[in-house]
Amino acid sequence: FDQHAGMTTSVATSPFHRALFATCGSDSVVKLFSALEKRPVLELEPTCLGLFSLCWSPVRPMVFAAGTGDGRVFFYDLAASK
């Protein structure tokens with residue numbers, strides 16, 4: 001799978017889609033992967049600070065959160081329109 005530019009700090013599998021997982025890293029990037037593809041299906045860079053934690057919602061299939069070392073948390077709903 002495609003690596004982060006820095007250290008990978010968290011990996012989380014989706015509780016609803018068994019082939020979907022996400023990673024975050026010290027490069028401040030969240031990468032969403034399908035287990036069927038080596039390249040990410042989506043990359044997000046919510047901050048210039050490193051990301052240290054990632055968690056999928058246990059009740060909403062396309063919602064996850066990523067956290068920074070200074071206490072900020074970014075929430076994403078992939079099903080929401082822009």
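Analyst: A residue is buried under 20% relative accessible area, exposed over 50%, and partly exposed in between (1.4 Å probe, protein chains only). R72, with a relative accessible area of 40%, is therefore partly exposed. The model is predicted, so local features need pLDDT of at least 70 and side-chain atom pairs count only at pLDDT 80 or more, while totals for chains, interfaces and linings use all residues. Residues are numbered from 1 along each chain as its sequence is written, and side-chain values use heavy atoms, with hydrogens and water left out.

User: How do I read a sheet, and what is the order of the open sheet of four strands?

Analyst: Strands (E, at least two residues) and helices (H or I, at least four) are DSSP runs, numbered from the N terminus. Two strands pair if DSSP finds at least two bridges between them. Here the four strands lie in the order β1-β2-β3-β4, and the pairing is antiparallel. The edges are taken by β1 and β4, each with a single partner strand, so one side of each has no neighbour in the sheet. On average, neighbouring strands of this sheet are turned by 20 degrees against each other, direction ignored; axes are lines fitted to C-alpha atoms (for helices over the stretch in contact), with angles from 0 to 180 degrees between N-to-C directions.

User: Which bridges join β3 to β4, and how many are there?

Analyst: There are three, and β3 and β4 (residues 42-44) run antiparallel. In this pair, V30 stands opposite L44. On the β2 side, β3 pairs with β2 over five bridges, again in the antiparallel sense. The hairpin of β2 and β3 has four residues between the strands, and in it S28 takes a positive phi near 65 degrees.

User: What is the order of the open sheet of three strands?

Analyst: That sheet has the order β5-β6-β7, with antiparallel pairing. Its edge strands, β5 (51-56) and β7 (73-77), each pair on one side only. Between β5 and β6 (residues 63-68), five bridges make the antiparallel pairing. C55 stands opposite A65 in β6.

User: Is β3 enclosed or open, and how many of its residues are buried?

Analyst: Five of the five residues of β3 are buried, so the strand is largely enclosed by the rest of the structure. Both faces are covered: V30, L32 and S34 are buried on one side, and K31 and F33 on the other. S34, which lies in β3 (residues 30-34), counts as buried because its relative accessibility is 15%.

User: Which residues is S34 in contact with?

Analyst: Contact means heavy atoms within 4.5 Å. Leaving aside neighbours within four places in sequence, S34 is in contact with F1, A19, F21 and V41. For L32, not counting residues up to four places away, the list is F21, A22, P40, V41, L42, W56, F64 and L78.

User: How many residues make up the largest nonpolar core?

Analyst: A nonpolar core is a set of buried Ala, Val, Leu, Ile, Met, Phe, Trp, Tyr and Cys residues joined through side-chain atoms within 4.5 Å. The largest one here has 12 residues in all: A12, L20, A22, C24, V30, L32, L44, L51, L54, W56, F64 and A66. The elements giving two or more residues to this core are β2 (20-25), β3, β5 and β6.

User: How many salt bridges are there in the whole structure?

Analyst: Side chains of opposite charge can pair when their charged atoms come close. A salt bridge is a side-chain nitrogen of Lys or Arg within 4 Å of a carboxyl oxygen of Asp or Glu. A search of the whole structure finds four. In one of them, D2 and R39 have their closest N and O atoms 3.7 Å apart. D2 lies in the segment before β1 (8-13) and R39 in the loop between β3 and β4, so the pair ties together parts 37 residues apart in sequence. D2 is partly exposed, at 24%, whereas R39 is exposed, at 57%. D2, K31 and R39 are linked in a network of salt bridges.

User: Where are D77 and R60, which pair across distant parts of the chain?

Analyst: The side chains of D77 and R60 meet in a salt bridge of 2.7 Å, N to O. D77 is in strand β7 and R60 in the loop between β5 and β6, 17 residues apart. D77 counts as partly exposed at 28% relative accessibility, and R60 is partly exposed at 44%. R72 also forms a salt bridge, with D70, the closest N and O atoms being 3.2 Å apart.
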